[in-house]
Number of protein chains: 2
Amino acid sequence: MIENISSKDNKTLKLIRQLKKKNGRTDNRKFIAEGIKMVREALVYVPQDLCCVVASNELFAKEPGLIKSCDAACGRVYLVPEFVFDELSDTDTPQGVLAVINWKDKQFNAGEGERRIVILDGISEPGNMGTIIRTAEAIGYDGIYLMKGCTDIYAPKTVRSTMGSIFRMNFKGGCTASDIDELKELGFTVIATTPSGDIALEEYKSPEKCAIIIGNEAHGVSHEVMEKSDAGVKITMDGMAESLNAAVAAGIVMHWINLK
Amino acid sequence: MIENISSKDNKTLKLIRQLKKKNGRTDNRKFIAEGIKMVREALVYVPQDLCCVVASNELFAKEPGLIKSCDAACGRVYLVPEFVFDELSDTDTPQGVLAVINWKDKQFNAGEGERRIVILDGISEPGNMGTIIRTAEAIGYDGIYLMKGCTDIYAPKTVRSTMGSIFRMNFKGGCTASDIDELKELGFTVIATTPSGDIALEEYKSPEKCAIIIGNEAHGVSHEVMEKSDAGVKITMDGMAESLNAAVAAGIVMHWINLK
């Protein structure tokens, strides 16, 4: 059913406004995937989790096929005037379509079969979080452990920055030090990436099973998590720049560890 | 001289509004570095290029030492009410201070002594541009060649994303295919990073002198530039993600090439 919405007080539009905030996402167990690419990815990878789709009339005129596919998948598409969509949008240049997606309730747990895990400890910037998720999938990591204190993976900007990896990656949320202990019991070597590490990444021989810790953008890996690590590795630097962007550093380390 | 500005029509404030646009930067040959860290970096690395500094009264109360250092360096600090600063700011969470910096007029040209160059071809997103500049400096590259069609390195968001590398990196702007020919004459091997490359990065032995081409976020390296390259390398991928973020891909390739 493709339905026109005329009132701003419509309950779907109210829901979307709620989902822009973390509390709203937690209460409703849903999140927003905005933009043409993200909606296409949702149709392919999580059609069963598609709750509803909101599009501008203009987008419907331009991409009727996309909207009809959304209707076929979830049966609930709402059309709004462009100015209403722009108010809902989280972006500076709205494309006129967004999907509301139900949360995956299933938590990932590494087992015997996994060999590459990323542990995120206090990543605070949504763009970095999304980019790290995207990189982890592209390079072939098995899952991401999110320590308490990480920014929400379901924030609109994070979701967009994953370019669709949010639908495919395995996550374990709300992790504590005991989750790292469990990884070690499974045979994982846990390495922290830190400028104060005593091993140069470029000289590090990767173990068969490895979990890489990436810390907060400003403060690095927390003391509590660092204590659980088996080794600290640092990326060799040469210039006067104090550090790399967290997503770039994560990418360099994930790539190196995976392939050596 | 630390001076209070009360009128929004003040000519320094008008200049700053102009500098938020590319035309305004080109006409005035100046750019903005916003935020406490960026102003501190400017004081250390380009005090001679500091044109003036604008701060909110609130920031002056909190960081009088910083403002006095700015006054000592350039002799022109303007204080404005917070709401006026917030209108000037390019960020969602203004810190209350920005510096106006004179452009470097000197163009960089690689010579016999250089061995690592990055060639950017159509990088369009300011955050990616700034992050690549930051990475190039941190890893120890000698300079960046900017092909025509790249986003402006002096855009406010780009400057912030460099975290200060903008003041220290060497740039050659407005490059064309003939600049790549010159690098080859100097003994550089020119490699393009592309998902369609026929050499896996992880099997590539870096030459002594190497220039790496990074292409546009959506369309990759342009045909014209690709034709000038000696080889195409690709990062080995494993997941369903179609590609890496451009700044992450650039970081992985720059790091690998530099150290192998």
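Helix α5 (residues 64-74) of chain B lies across β1, β3 and β4 of chain B, at about 155° to β3(B). Helices (H or I, at least four residues) and strands (E, at least two) are DSSP runs, numbered from the N terminus. Axes are lines fitted to C-alpha atoms, for helices over the stretch in contact, and angles run from 0 to 180 degrees between N-to-C directions. Two residues are in contact if their C-beta atoms, placed from the backbone, lie within 7 Å.

This is a predicted model: local features need pLDDT of at least 70, side-chain atom pairs count only at pLDDT 80 or more, and totals for chains, interfaces and linings use all residues. Residues are numbered from 1 along each chain as its sequence is written, while chains are lettered from A and ligands numbered from 1 in the order in which they are written. The model has an ipTM of 0.91 and a pTM of 0.92. Chain A has a mean pLDDT of 94, with 98% of its residues at 70 or more. Here pLDDT is the predictor's confidence in each residue, from 0 to 100.

Five strands of chain B form an open sheet in the order β1-β4-β3-β5-β2, with mixed pairing. Two strands pair if DSSP finds at least two bridges between them. Strands β3 (residues 50-56) and β4 (residues 77-80) of chain B run parallel, joined by four bridges. Ala55(B) has Leu79(B) in β4(B) as its bridge partner. Helix α3 (residues 36-45) of chain B also packs on the sheet. This helix touches β2, β3 and β5 (97-102) of chain B, and its direction makes about 40° with that of β5(B).

In chain A, Ile36(A) lies in helix α3 (residues 36-45). Is Ile36(A) buried or partly exposed? It counts as partly exposed, because it has 16 C-beta neighbours inside 10 Å. The cut-offs are 20 or more other C-beta atoms within 10 Å for buried, 12 or fewer for exposed, and in between for partly exposed, with C-beta atoms placed from the backbone. Beyond its neighbours within four places in sequence, Ile36(A) contacts Glu63(A), Leu66(A), Gln95(A) and Val97(A). Leu66(A) is 30 residues from Ile36(A) in sequence, and their C-alpha atoms are 8.4 Å apart.

Strand β6 (residues 116-121) of chain A is mostly covered, with six of its six residues buried. Arg116(A), Val118(A) and Leu120(A) point one way from β6(A). Ile117(A), Ile119(A) and Asp121(A) point the other way. Six bridges tie β6(A) to the parallel strand β11 (residues 210-215) of chain A. In β11(A), Cys210(A) stands opposite Arg116(A). Strand β7 (residues 143-147) of chain A also pairs with β6(A) in the parallel sense, over four bridges. There Gly143(A) stands opposite Ile117(A).

Last, the two chains together. A rotation of 180° with 0.0 Å of shift along its axis superposes chain A on chain B, with RMSD 0.0 Å. The two copies are thus related as by a two-fold rotation axis. Superposition is by least squares on the C-alpha atoms of residues with pLDDT of at least 70 in both. The contact takes 27 residues from chain A and 27 residues from chain B. On the chain A side, α7 (126-139) and α11 (246-259) are the elements that give two or more residues. The copies meet through the same surface, because 100% of the interface residues of chain A are also interface residues in chain B.
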